[in-house]
Structures are given as structure tokens and as C-alpha cells.
Amino acid sequence: MSASALARTLRAYVRHAPGTVGKARLVSRFLDEHLQTHSVRTTVRLRSGDKVTVTTSDVIQRYQYLFGEWEPNLSAFLRDRLRPGDTFIDVGAHRGAFSLLASHVVGPHGHVVAIEPSPQFHDDLTTAATVNHRTNIRAVCCAASGTHGTLTLYLEDPANLGHTTAVRPRHVHMAFDVPAAPLADLVSGAELATARIIKIDVEGAEAAAIRGLLPALADLRDDAELVIEVTPRLLAKQGESAADIIDTLRGHGFHAYTLTNDYDPAVYPRAMRRPQPPVRCKETPKHMTDLVFSRTNADRLTLGR
């Protein structure tokens, strides 16, 4: 059996067999590296039921191919929190993994606003929405920022397309300019008023994105929650900090919680079976971390309400 045929067989086991026996070892010792270096381009069905085209040289698409999902703890949190009729605002939507998931959960009377500045990712997202008949997704090709203007985005590593950032890296694989506007200007009043979750994943531009949202915080519903990926290293290069973000949102009545997000593919099988809830953030993050901001004051945000 060739290595590629073996990879397809083992991937089928990892993806479809019940339980988790041996899956972590198969992924970490063979499949992850093989699929990165021997790229496969194909169409897969995600756990949400949607079909998307993936190229496994990219980490996000590789995990979708292997597991049918990206970031299982966040995916579980979205499924738990969102309800039919809600609005989900996806800032830094990339190719739409979370927008597609949320589209199913909020249903035909709910709404998804997918904000993605990269023209290529925006096109991938809109194609996926069309192919899967996701008519409740409104895609916006713009960067969320603190002001109106133009941003230059940089891609450092073509094996991680999700890390497209406005902070210039040491090595630039690609650069392109995109329009930028405050988040409060990119969504309608009705979308803000019904927003249950606002997810912000903008690779170092999260402080600016939050500044653009601040004028609208008072318009959010009482149970609205924010999920923000903070990147202390990139924030520091701009004179910003995760502590400033936490303090700003605390001043608006939000408590910070840490949501476990491990990019090691070996942890995915177990995380998908037993997702971890957000727990109170007791220390300012020093490394890239997913934070949930909620007006609920508790030790943890329980899943399965």
C-alpha cells in the first residue's frame, strides 16, 4: 500500500471510527506531517454538514479534512450558546468555518455577519455559503479597525493561511491592501441588537477592532458574549496589551474567561468528544489565547445549558 493510500485509510479511521483509541498517535506520528508535505486537494463534509474544498498543506484546512472541524472547544461553545433567531458576528471569518457552523444553529430566522478582509478568503467563504445554500450569511469584505482607512495585510507562512496579519512579520510571503472601518459601522443596528456572540480573531488587530466596537457595546443584549483571540506578542509591537483589552471590557461590565485552544492535532479527538468550557481568567495571558467576555460572573461558563 502506498503512503497516500495508507493516509486515506487512516484518515477514514480517525474521522469516522467511534472512540479515540490510537487516533492521537496516528495523527501526531504520521497523518499531520504527511498531509502537509503531500498536499491533498479535495471536497470534505464538515461536522456541520457543509461541504467545503480543502487543501491540506494549510493547517486549518488539514484539520477540517482530518476531523471535520476547527477549534473544537470554540465550536462546542458556539453550538451551546447560539439559538434559532440569534445573530452571530464573525470578525476575521477566514474561509467561514465558524460562520457555516453558526448559520445552521441560528436557523433561517437568524443571521450571520461574516467579516473577512482578504479577497481570496472572502470569495472562498461566499462560495461555500452559496454551495451549501446558507442564505442567512451576509459576507463583508473589509477589515474591522478603529478608524476608516486602508490596512496592509501580510502573510508570513503559506502553510498557515489563517495567520494573515496587519503587523508586518520578519519574513513576508505576500502583502496586500484592504479597506478598513470601525466594527460598529460594518454591522447594522438590528444585527447588533440581536447579536448573541461576537467572535474577533484578527491576528494582532484585536485592540483596534474592539475600539471600533466600543460605541455599540451599550446596544448589545444583556446576554451577548464576545470571543476574542488575544495575541500579546503582536499587540506589544503596536504598543497595546491583552491587559488593556481585559480592563476596557471589564469597564463595560464583562468578565474574562479562558477558552482552551490547543493547536496540537493529537488533542482533537478527545476535545471533540469532551469539549472544555471557558474558565475564569485569573492571569493576563502571555501567549496567544482565546478569551470569552461575558456579563455572567462565575468560575466557569457551563456548557449544556
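Predicted model: local features only at pLDDT ≥ 70, side-chain atom pairs only at ≥ 80, totals over all residues.
Residues are numbered from 1 along each chain as its sequence is written, and side-chain values use heavy atoms, with hydrogens and water left out.

Okay, the sheet. Helices (H or I, at least four residues) and strands (E, at least two) are DSSP runs, numbered from the N terminus. Two strands pair if DSSP finds at least two bridges between them. Here, 8 strands make an open sheet with mixed pairing, in the order β5-β4-β3-β10-β11-β14-β12-β13. At the edges sit β5 (137–140) and β13 (279–280), each pairing on one side only. Strands β10 (residues 195–200) and β11 (residues 225–230) run parallel, joined by 4 bridges.

Now, which strands does helix α5 lie across? Helix α5 (residues 97–106) lies across β3, β4 (111–115), β5 and β10, at about 170 degrees to β4. Angles run from 0 to 180 degrees between N-to-C directions, and axes are lines fitted to C-alpha atoms, for helices over the stretch in contact; contact means heavy atoms within 4.5 Å.

On to the cores. A nonpolar core is a set of buried Ala, Val, Leu, Ile, Met, Phe, Trp, Tyr and Cys residues joined through side-chain atoms within 4.5 Å, where buried means under 20% relative accessible area (1.4 Å probe, protein chains only). The largest has 42 residues, and F67, L78 and F88 touch the most other members. Helix α3 (residues 59–67) gives the largest share, 6 residues. Apart from that core lies another of 39 residues, including I198 and F293.

Note on methods
Buried < 20%, exposed > 50% of the residue type's maximum accessible area, 1.4 Å probe, protein only.
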